[in-house]
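Subject: Handing over the two-chain model

Hi there,

Here is the structure I promised to pass on to you. Please have a look at it first, and then read my notes below.

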Amino acid sequence: MQRLFSFFRRSLFLKVFSLAAFLSIILIYFVGSNVYGRISDGIVEEKISSSISQGRAAIQYAEYRFTIAGLNRNVDYTVIADEVVKSANISAEESGREVALFNAAGKKVAGIPSVSTSNFLKPEAIPSALREKIVASEELDWLPGNLEYVNGKVIPGIFIGKIIEIPRAGKYEMYVAYDFAAQQSNIDLIGRSLWGTGFLLIALILLTASIVLRLVIKPVQVAAEVAESLTAGDLQRRMAVKGEDEIARLGLAFNQMATTLANQISKLENLSRVQQRFVSDVSHELRTPLTTIRMASDVIHSARASFDPTIARSAELLLSQIEKFELLLQDLLEVSRFDAEAAVLSLDRVDIATLVRRCAEDFALLAEEKGTSLRLHGFELEILVDADPRRIERVIRNLITNAVDHSESRPVDINIAENESAVSIGIRDYGVGIAKQYWSRVFDRFWRADPSRSRIRGGTGLGLSIAKEDAVLHGGDIRVWGELGVGANFVLTIPKRVGVPISSIPLSEIPTTAE
Amino acid sequence: MTSIMVVDDDQDLAEMLGIVLNGVGMEVDLVSRGDEAVEIFRNSQPDLVLLDIMLPGTDGIEVCREIRKHSTRVPIVMLTAKSDTHDIVKGLEAGADDYMVKPFKPSELVARIRTRLRRAGGDINGNLTIGDLAIDIVEHTVSRGGKEIPLTRLEFDLLVALAKEPGRVFTREALLGEVWGYRHSTDTRLVNVHIQRLRAKIEHDAENPTIVLTVRGVGYKAGGSGARP
């Protein structure tokens, strides 16, 4: 049911088709029943009025015959009564007419039976309401009713009745009944043909609707399909355009849109290529002279013992600044690579626990110099992940450097945790800390929490920004928590397998001891 | 005296390289054009080539390929101004053994050159076998069924490192330390590319290696010495 509904919701064809079917069925039902009603009413009314006038004539004729016969004093009405009832009978073969004669007083007088009917019509079939009315008014009256026969046959029809005066015999009720059998069969025939016509019409309407729909929907389907493949990146796909109708115009407009889109994209791609090219050119042009400078300064530096103290100091400054410049250049190029979206992962399956542990070991000496220590938690097991080890190492080194720099000689905790989809590494210090309003800003390029402390350390100001980009490139993220004077916690989380999204983060950046 | 051929179009850098390398007792040949490099290489037969990638005339990658045609033995270290994966892998695939990204520390360059010139397996007596290959440490050759397989020095070093300790699983980092002399590096591209090149030369079917095996998620190890055809 659910599936049917969703299919219905997604298919324009089915929607329009069933709407057309619904509306045409309703329309044809109403028109059909209206026409049927009118025709059958007309036929019945016609029959009723003709029956009344025929009935009136038949009764008058019977009255007339009784009157004529009555002129003979010694008349026996038996034959006439029989004839009146039977004469009605003869023509009744064709017109469906029956006659009934009742003695109002209920007794047999002068050879006329008190009750006589034609063709085994049950005398009780004459509606008693009509009989009462006639007896009361003695005038001609009529009432529709069923012609019931002794053999059980029942046919709808009309009864016309009147009191007739028979000389010396008294008052008799005479009824003429006409059945509607012929009319009913006509009405039935009309009904059947109306049904047939209705079905045919509905079928035709639906056939037309489906042909029209197919004509209109097919191009829309093609357009949707082409649009989907454009979205998927196939910018060369176009719609086939035939003729000059609205569908063709849709196709033309669609194709124009696709062309414009493709041009825009190739323009942007071109721009990005120019940018990448520029970055790579700058890289080459700057790096070669820098290498020469670097080597020259190294040679000078290693010979500084033989220099005058001021020149020796200058040689030291020269070298350290060149080193800083190198780092800055390296970071800048990395950032431009991210901007140009030229950064690609070089993936390997690596044990990230070992990788982090080794980074921490490398920093042990530096940490000691700063009067702090690195404490590892949860590094007993290996954790294999698909990652670019060069980048992950860069992130970890960066976060550790950062933590050590801001540790205020208190220890730094390095935690690792995993779940089925992701691994997190948290680097927690108990030093300077970061105020909440700066949490999101720490990843901004060249952002410094406290401008006065700015360049005490050698950092380029791009480290955290690059770290964040590296994490995002892996499909992961770095989250930060901090509080002034309490410390900070940076948590790197990356998925274990490329393309498999992180279901939940194994390690929260908010320390359990805080708040 | 060790002779180094430096191919770089930047005269000043080349001269500076000369000063530094002369300072540690190496002799330097300077070449500034790619198209001259191969000719000079054939005449002077240097012990090692330092090769810039971006060169006028023939580019460094092409020069590298040409030099490899003449000598499988000579170590080639690329000097590159780019750290983009693409260029480095292309250079390694063309036959370079190692690379240095400019700007580099002179001491690092010297260390790298010395590693490349060191003879592998110097600590081993006799010969080694790996799979159905025989490694002659003294002659520095690898042969299968008496037929020598020409390997570069680096490929030889790599094979010896694995064959020395059959069964041990080497992480890529361990191989970087053992063969390239990096104390600390995670640039596993070097290992991956060279393992591939080595397999192409020594395996019966490089797609289904039996001599240098991959241990998924960890690294590589030597295949069982029981020779399989």
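Predicted model: local features only at pLDDT ≥ 70, side-chain atom pairs only at ≥ 80, totals over all residues.

Let me begin with chain A. There are 10 helices and 12 strands in chain A, and 26% of its 515 residues are buried. If you take the contacts within chain A that have a separation of 6 or more, 65% of them join residues 24 or more positions apart.

One strand of chain A that I looked at in some detail is β6(A). Its partner β8(A), residues 384–387, runs antiparallel to it, and 4 bridges join the two. Within that pairing, A:V350 has A:V385 of β8(A) as its bridge partner. In general, side chains in a regular strand alternate between the two faces of the sheet.

Now to where the two chains meet. Chain A gives 23 residues to the contact and chain B gives 21 residues. On the side of chain A, the elements that provide two or more residues are α6 (246–302), α9 (389–405) and the strand β6 (348–351) described above. The largest share comes from α6(A), with 13 residues. Sorted by class, this side of chain A has 9 charged, 7 polar and 7 nonpolar residues.

Finally, the sheet in chain B. It is an open sheet of 5 strands with parallel pairing, in the order β2-β1-β3-β4-β5. Because β2 (26–31) and β5 (98–101) of chain B stand at the edges with a single partner strand each, one side of each has no neighbour in the sheet. On average, neighbouring strands here are turned by 20° against each other, direction ignored. Further in, β1(B), residues 2–7, pairs with β3(B), residues 48–52, in the parallel sense over 4 bridges; there, B:V7 has B:L51 of β3(B) as its bridge partner. Helix α1 of chain B, residues 11–23, packs on this sheet and touches β1, β2 and β3 of chain B. The direction of α1(B) makes about 170° with that of β2(B).

Happy browsing, and do write back with any questions.

Best wishes

Notes. Residues numbered from 1 in each chain as written. Chains lettered and ligands numbered in written order. Contact = placed C-beta atoms within 7 Å. Nonpolar A, V, L, I, M, F, W, Y, C, P; charged D, E, K, R; others polar. Buried ≥ 20, exposed ≤ 12 C-beta atoms within 10 Å, placed from the backbone. Pairing = 2+ DSSP bridges. Axes fitted to C-alpha atoms, helices over the stretch in contact; angles between N-to-C directions.
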